[in-house]
Amino acid sequence: MSPTGAVRPALRSDAADVWALLEGLVLGGPPERALFDRTFPTLTADDAVALLVHEGGGGEVDGYVHALTRPSLYANGPVCWVSELMVAPGARRRGTGAALIRAVEEWANLRGCREVTLATSRAREFYEAIGYDATAQYLKKRMPQVPGT
């Protein structure tokens with residue numbers, strides 16, 4: 001299904017909309033708004049980061065994706081890591097998530113990335129339906145907060 005709307009780079013003025021979507025994504029505890037407000041502008045200005053939003057047909061931001069490139073040894077070149085993808089509940093199953101992922105794939109291809117990787121705990125069927133293969137199980141360990149960060 002083709003979504004109504006378009007994918008574009010996030011602007012600083014999209015912060016409130018992305019924040020609202022982020023609150024629905026987080027599994028390990030609530031995000032901190034003050035840290036988000038410090039980080040969001042740096043991500044919109046970083047060439048090694050794709051922070052893209054989907055604008056629905058009415059101009060509302062109804063999805064976002066955050067991805068970055070990094071060098072690798074195993075892939076024989078850089079890889080793109082999708083760290084966040086969130087689509088508003090009312091925009092799901094309309095092609096919005098697929099449009100965001102296609103935009104990341106294009107962005108990664110232009111940067112010479114050998115692959116796009118991601119982890120998911122709730123959307124495996126979505127990713128498999130758009131051509132991704134399950135290859136690993138990811139684990140994480142939360143680190144203690146360092147004062148002043």
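Reader: What makes Cys-80 count as buried?

Author: Buried is the word for a relative accessible area under 20%, while exposed means over 50% and partly exposed is in between (1.4 Å probe, protein chains only). Cys-80 has a relative accessible area of 0%, so it is buried. Bear in mind that this is a predicted model, where local features need pLDDT of at least 70, side-chain atom pairs count only at pLDDT 80 or more, and totals for chains, interfaces and linings use all residues. Residues are numbered from 1 along each chain as its sequence is written, and side-chain values use heavy atoms, with hydrogens and water left out.

Reader: What makes Asn-76 and Arg-93 count as exposed or buried?

Author: Asn-76 has 64% relative accessibility, so it counts as exposed. Arg-93 is at 82%, so it counts as exposed as well. Asn-76 belongs to the loop between E3 and E4, and Arg-93 to the loop between E4 and H3. Each has a positive phi despite being a residue other than glycine: near 60 degrees for Asn-76 and near 65 degrees for Arg-93.

Reader: How do you know that the span of helix H3 agrees with what it should be?

Author: The expected span is 1.5 Å times one less than the number of residues. H3 has 15 residues (96–110), so it should span 21 Å, and its end C-alpha atoms are 22 Å apart, which agrees. Its buried residues include Leu-100, Ile-101, Val-104 and Trp-107. An α-helix has 3.6 residues a turn, so residues three or four places apart point the same way. Among the elements covering the buried residues of H3 are strand E3 (61–70) and helix H4 (124–129).

Reader: What about His-66: is it buried or exposed?

Author: Its relative accessible area is 9%, so His-66 is buried. His-66 is in strand E3, and contact means heavy atoms within 4.5 Å. Not counting residues up to four places away in sequence, His-66 touches several residues, including Leu-43, Trp-81 and Ser-83.

Reader: How do you know that the protein agrees with a compact globule?

Author: The radius of gyration is taken over C-alpha atoms, and the globule rule is 2.2 Å times the number of residues to the power 0.38. With 149 residues, that gives a value near 15 Å; the protein has 15 Å, so the two agree.

Definitions and conventions:
Helix = DSSP H or I, 4+ residues; strand = E, 2+ residues; numbered from the N terminus.
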